[in-house]
Amino acid sequence: ISQEENTLRELRIFLRDICAKLARNKQFFMFTKPVDIEEVPDYLEIIKEPMDLETVMSKIDKHCYICARDFLDDIDLIVRNALEYNPDKSAEDKHIRHRACSLRDKAYAFIKAEMDSDFEDTCRDIRDKR
Ligand SMILES: CC(=O)c1csc(NC(=O)C2C[NH2+]C2)n1
């Protein structure tokens, strides 16, 4: 098995651990599964590229992420979608926007804490030459 495959396997192990920790957090339950269109019928009229933590987990297993940056781009998409769909001054919208910002900060903090930067640099080199 090539050194590249060893590196990408280790990346997947890191990302599964971080994604599981985010999905376990009760604060983020509204981000753990795709929005139910029966419950929120206008969601797909507003949000053109839905994303959620269960989908992120399945993308890890499908080898969609070659570096932590790719993973964080999908976390940022979850956050952006929540901010766009919940723009109002209402307490409910403010609450969801606050949780979305907390999700982003926790994800970035876990990556920074658990991944040394030269490991990410190695992953970027693999991505950039593919
Ligand atoms: C995942 C996500 O961002 C989401 C799910 S429901 C929701 N918002 C509401 O249900 C209403 C509060 N203002 C609209 N946002």
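## Around the ligand

Sorted by class, the shell around the ligand holds 5 nonpolar, 1 polar and 2 charged residues. For that count, Ala, Val, Leu, Ile, Met, Phe, Trp, Tyr, Cys and Pro are nonpolar, Asp, Glu, Lys and Arg are charged, and the others, Gly among them, are polar. The residues in question are Met30, Val35, Ala82, Tyr85, Asn86, Glu92, Asp93 and Ile96; to be near the ligand, a residue needs one of its heavy atoms within 4 Å of it.

Before going on, a word about what you're looking at: this is a predicted model, where local features need pLDDT of at least 70 and side-chain atom pairs count only at pLDDT 80 or more, while totals for chains, interfaces and linings use all residues. Residues are numbered from 1 along each chain as its sequence is written, and side-chain values use heavy atoms, with hydrogens and water left out.

## Contacts and cover

Which residues put polar side-chain atoms by the ligand's nitrogen atoms? For Asn86, a polar side-chain atom lies 2.7 Å from a nitrogen atom of the ligand. For Asp93, an N or O atom of the side chain is 2.4 Å from a ligand nitrogen. On its own the ligand has 400 Å² of accessible area, and the protein covers 77% of that (areas come from the Shrake-Rupley method with a 1.4 Å probe; for residues, only the protein chains shown count as cover).

The space the ligand takes up is the largest pocket. A pocket here is an open set of points on a 1 Å grid over the protein atoms alone, where a 1.4 Å probe fits and protein lies on both sides within 12 Å along at least five of seven lines. A molecule sits in one if more than half of its atoms lie within 2 Å of its grid points.

## The overall fold

Now for the chain itself. It has 6 helices and 0 strands, so what you see are DSSP runs of H or I with at least four residues, while strands would be E runs of at least two, numbered from the N terminus. Along the sequence that reads α-α-α-α-α-α. The C-alpha atoms fill a box of roughly 50 × 25 × 25 Å along the principal axes.

Two helices matter for the ligand's shell: H4 (68-85) and H5 (91-114) each supply at least two of its residues. H5 gives the largest share, 3 residues.

Of the 130 residues in the chain, 38% count as buried. Buried means under 20% relative accessible area, exposed means over 50%, and partly exposed is in between (1.4 Å probe, protein chains only). Glu120, in helix H6 (residues 117-128), counts as buried because its relative accessible area is 10%. Its side chain also makes a polar contact with the side chain of Arg124 at 2.7 Å. Such a contact is a pair of N or O atoms within 3.5 Å; within protein, one must be able to donate a hydrogen and the other to accept it, and residues adjacent in sequence count only if both atoms are side-chain atoms.

Leu44 belongs to helix H2 and is partly exposed, at 44% relative accessibility. Its C-alpha is 9.9 Å from that of Tyr85, 41 residues apart along the chain. Glu49 sits in the loop between H2 (43-46) and H3 (53-61), and its C-alpha is 21 Å from that of His98, 49 residues apart in sequence.

His63 is in the loop between H3 and H4. It has a positive phi of about 60° although it is not a glycine. Most residues other than glycine have a negative phi.

Technical notes
On a 1 Å grid over the protein atoms alone, a cavity is a set of points where a 1.4 Å probe fits but cannot get out, and a pocket is an open set with protein on both sides within 12 Å along at least five of seven lines; lining residues have an atom within 4 Å of a point.
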